[in-house]
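I opened this notebook to keep track of what I looked up, entry by entry. The entries start with the whole chain and end with single residues.

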Amino acid sequence: LAAAAGTVFLLLDYEPGCGIGVVLAHPQLGRWTAYCHLIGLVSRGQDVARGQPIGLSGASGNAAHVPHVHLEVCT
């Protein structure tokens, strides 16, 4: 779920690390949130609301075959 309202800034696909991921821009907060190891549900440029599903828990990338979501808050 999106941690805050924002826009899909970047879609990631990096198997050695994050795997399938989504980066949301939150300009009103001066932050970005990154979500890794997903099965993505959104498109680049899409606006999302706080709490909106942006992906399903997955095991892509270096998730060691354990479905989970890696969340980062970035400045």
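**Entry 1: the model**

I noted that this is a predicted model, in which local features need pLDDT of at least 70 and side-chain atom pairs count only at pLDDT 80 or more, while totals for chains, interfaces and linings use all residues. Residues are numbered from 1 along each chain as its sequence is written, and side-chain values use heavy atoms, with hydrogens and water left out.

I looked up the confidence next, given as pLDDT (the predictor's confidence in each residue, from 0 to 100). The mean for the protein is 96, and 100% of its residues reach 70 or more. Among the elements, strand β4 (residues 38-40) has the lowest mean pLDDT, 92, and strand β5 (residues 47-48) has the highest, 98.

**Entry 2: overall form**

I listed the secondary structure from DSSP runs, where helices are H or I of at least four residues and strands are E of at least two, numbered from the N terminus. The protein has zero helices and seven strands, so the order of elements reads β-β-β-β-β-β-β from the N terminus on.

I checked the radius of gyration, taken over C-alpha atoms, against the globule rule of 2.2 Å times the number of residues to the power 0.38. For 75 residues a compact globule would come near 11 Å, and the protein has 11 Å, which agrees. The C-alpha trace spans about 35 × 20 × 15 Å along its principal axes.

I took the accessible surface from the Shrake-Rupley method with a 1.4 Å probe; for residues, only the protein chains shown count as cover. The total is about 4400 Å², and 61% of that belongs to carbon and sulfur atoms. Of the 75 residues, 36% count as buried (under 20% relative accessible area; exposed is over 50%, partly exposed in between, with a 1.4 Å probe and protein chains only).

I also looked at contacts, meaning heavy atoms within 4.5 Å. Of those with a separation of 6 or more, 46% are between residues 24 or more positions apart.

**Entry 3: the sheet**

I counted two strands as paired if DSSP finds at least two bridges between them. Strands of a sheet pair through backbone hydrogen bonds, either parallel or antiparallel. Here five strands form an open sheet in the order β5-β1-β2-β3-β7, with antiparallel pairing. Strands β5 and β7 (70-74) stand at the edges with a single partner strand each, so one side of each has no neighbour in the sheet.

I followed the pairings along the sheet. Strand β1 (residues 6-14) is joined to β2 by seven bridges, and one of the pairs is Leu-12 with Gly-21. The two strands make a hairpin with four residues between them.

Five bridges join β2 to strand β3 (residues 31-36), again antiparallel. Val-23 has Ala-34 as its bridge partner, and Ala-25 stands opposite Trp-32. This hairpin also has four residues between its strands, and Gly-30 in the turn has a positive phi of about 65°.

Five bridges join β3 to β7. In β7, Val-73 stands opposite Thr-33 and Cys-74 is the bridge partner of Trp-32.

I asked myself how many residues of strand β2 (residues 19-26) are buried. Seven of the eight are, so β2 is largely enclosed by the rest of the structure.

**Entry 4: His-26**

I found His-26 in strand β2. His-26 is buried, with a relative accessible area of 1%. Its side chain reaches the backbone oxygen of Ala-4 at 3.5 Å. Leaving out residues up to four places away in sequence, His-26 touches Ala-4, Ala-5, Gly-6, Arg-31, Trp-32 and Thr-33.

**Entry 5: Leu-38**

I found Leu-38 in strand β4. Leu-38 is buried too, at a relative accessible area of 5%. Under the exclusion of residues up to four places away in sequence, Leu-38 touches Ile-20, Val-22, Gly-55, Leu-56, Gly-58, Ser-60 and Val-69. I also noted the C-alpha atoms of Leu-38 and Pro-67, which are separated by 8.4 Å and lie 29 residues apart along the chain.

Methods: Polar contact = N/O pair within 3.5 Å; in protein donor to acceptor, adjacent residues only side chain to side chain.
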